[in-house]
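Me: I have a model open and want to learn how to read it. Can we go through its features one at a time?

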Amino acid sequence: MQLVRKMDYKEQIDIARLPRHIAIIMDGNGRWAKKQGLARMFGHKQGVETVHNITVAATKLGVEYLTLYTFSTENWNRPKEEVDALMTLLVDTIVKETPTLMNNNVRMQTIGDIDRLPEGAKKKFLACIEQTSHNTGLTMVLALSYSARWEITEAMRKAVQAAQAGTVRPEDVNEQMVSSLMTTAQIPDPDLLIRTSGEYRISNFLLWQLAYSELYFTDCLWPEFTEEEFYKAIVDYQKRERRFGKTSEQIH
């Protein structure tokens, strides 16, 4: 009797129909550490390894944009010791990973209120963005000190300033104009949002941009989220029909 080999998820992916832009809410570092009987920072350190692995996987597949919800504006309210440790981990990771980004032709970008970052972290982060700016492969976007309500509020502030300057009239305001005021103005909206850890919410992330994104939730905690789990999410995405408000007949 001949055994039929089960294909892994990567083999099931149709490269011609990859999502251009994948956004990920990386959740569960602290819970993973607690399960191991470790301090929360061990979870964050393991989470960094997962970021490395998923970035490499996305690069090899040919995904164009990968946006990672790294640190929200609400995260500033965590205990100071944890915030300080996270900032140190961020700087150390940026320094360590920049050569890898260069070797893999990855361009680093950011969205968020990075002026709130400690000066040392901000300086090293901007240096990485500059160093990788001419790379032409995957664009990796870190959402740092970011929240969607902050972003929308900033966009409205810019619109009011433009109106006061006389450069924008009420009739000029449309979806395209609002999108142009977002921090993601030069980035296509996510095709796929992945959230780990079994939570079913958006958590103030890319609220404007996710209007027609496909949402994928998994019980995996972020440190447990493997390349195979990443491929599984893409396979699930490719089984869906994206209609953008139209009927199936109109799409086909």
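Me: How many nonpolar, polar and charged residues does the lining of the largest pocket have?

Reply: First, what you are looking at. This is a predicted model, with pLDDT of at least 70 needed for local features and 80 or more for side-chain atom pairs, while totals for chains, interfaces and linings use all residues. Residues are numbered from 1 along each chain as its sequence is written, and side-chain values use heavy atoms, with hydrogens and water left out. Now the lining: 21 residues are nonpolar, 15 polar and nine charged. Nonpolar covers Ala, Val, Leu, Ile, Met, Phe, Trp, Tyr, Cys and Pro; charged covers Asp, Glu, Lys and Arg; the others, Gly among them, are polar.

Me: What counts as a pocket?

Reply: Rolling a probe the size of a water molecule over the atoms shows where empty space is left. Here a 1 Å grid is laid over the protein atoms alone, and a pocket is an open set of points with protein on both sides within 12 Å along at least five of seven lines. A set where a 1.4 Å probe fits but cannot get out is a cavity instead. Lining residues have an atom within 4 Å of a point. Points are joined across faces, edges and corners, and the volume is the space filled by probe spheres set on them. The largest pocket holds about 990 Å³.

Me: Which residues lie nearest the centre of the largest pocket?

Reply: M26, N29, Y69, T70 and F71, out of 45 lining residues. At least two lining residues come from each of α2 (29-35), α3, β2 (65-72), α4 (80-103) and β4 (139-146). These labels are DSSP runs numbered from the N terminus: helices are H or I with at least four residues, strands E with at least two.

Me: What is the volume of the second largest pocket?

Reply: About 250 Å³. Its lining has 12 residues, and E175, S179, D189, W208 and A211 lie nearest the centre. By class, five are nonpolar, four polar and three charged.

Me: Is H44 buried or exposed?

Reply: Go by relative accessible area: under 20% is buried, over 50% exposed, and in between partly exposed (1.4 Å probe, protein chains only). H44 is at 9%, so it counts as buried. It sits in helix α3 (residues 40-61). Contact means heavy atoms within 4.5 Å. Beyond its neighbours within four places in sequence, H44 is in contact with N29, R78, E82, L86 and L89.

Me: Where does α4 have a kink?

Reply: The bend at a residue is the angle between axes fitted to the seven residues ending there and the seven starting there. In α4 a kink of about 40° lies at E97, shortly before the proline P99. E97 is also one of the buried residues of α4; others include E82, L86 and L89. The cover over the buried residues of α4 includes α3, β2, β3 (107-111), α5 (119-131) and β4.

Me: Which phi does N105 have?

Reply: Most residues other than glycine have a negative phi. N105 is not a glycine, yet its phi is positive, about 60°. This residue comes just after α4, in the loop between α4 and β3. At 28% relative accessibility, N105 is partly exposed. L206 is another case: not a glycine, with a positive phi of about 50°. L206 lies in the loop between β5 and β6 and is buried, at 2%.

Me: Where is S197 found?

Reply: In the loop between β5 (192-195) and β6 (214-217). S197 is buried, with a relative accessible area of 8%. Leaving aside neighbours within four places in sequence, its contacts are D27, G28, R31, T218, D219, C220 and L221.
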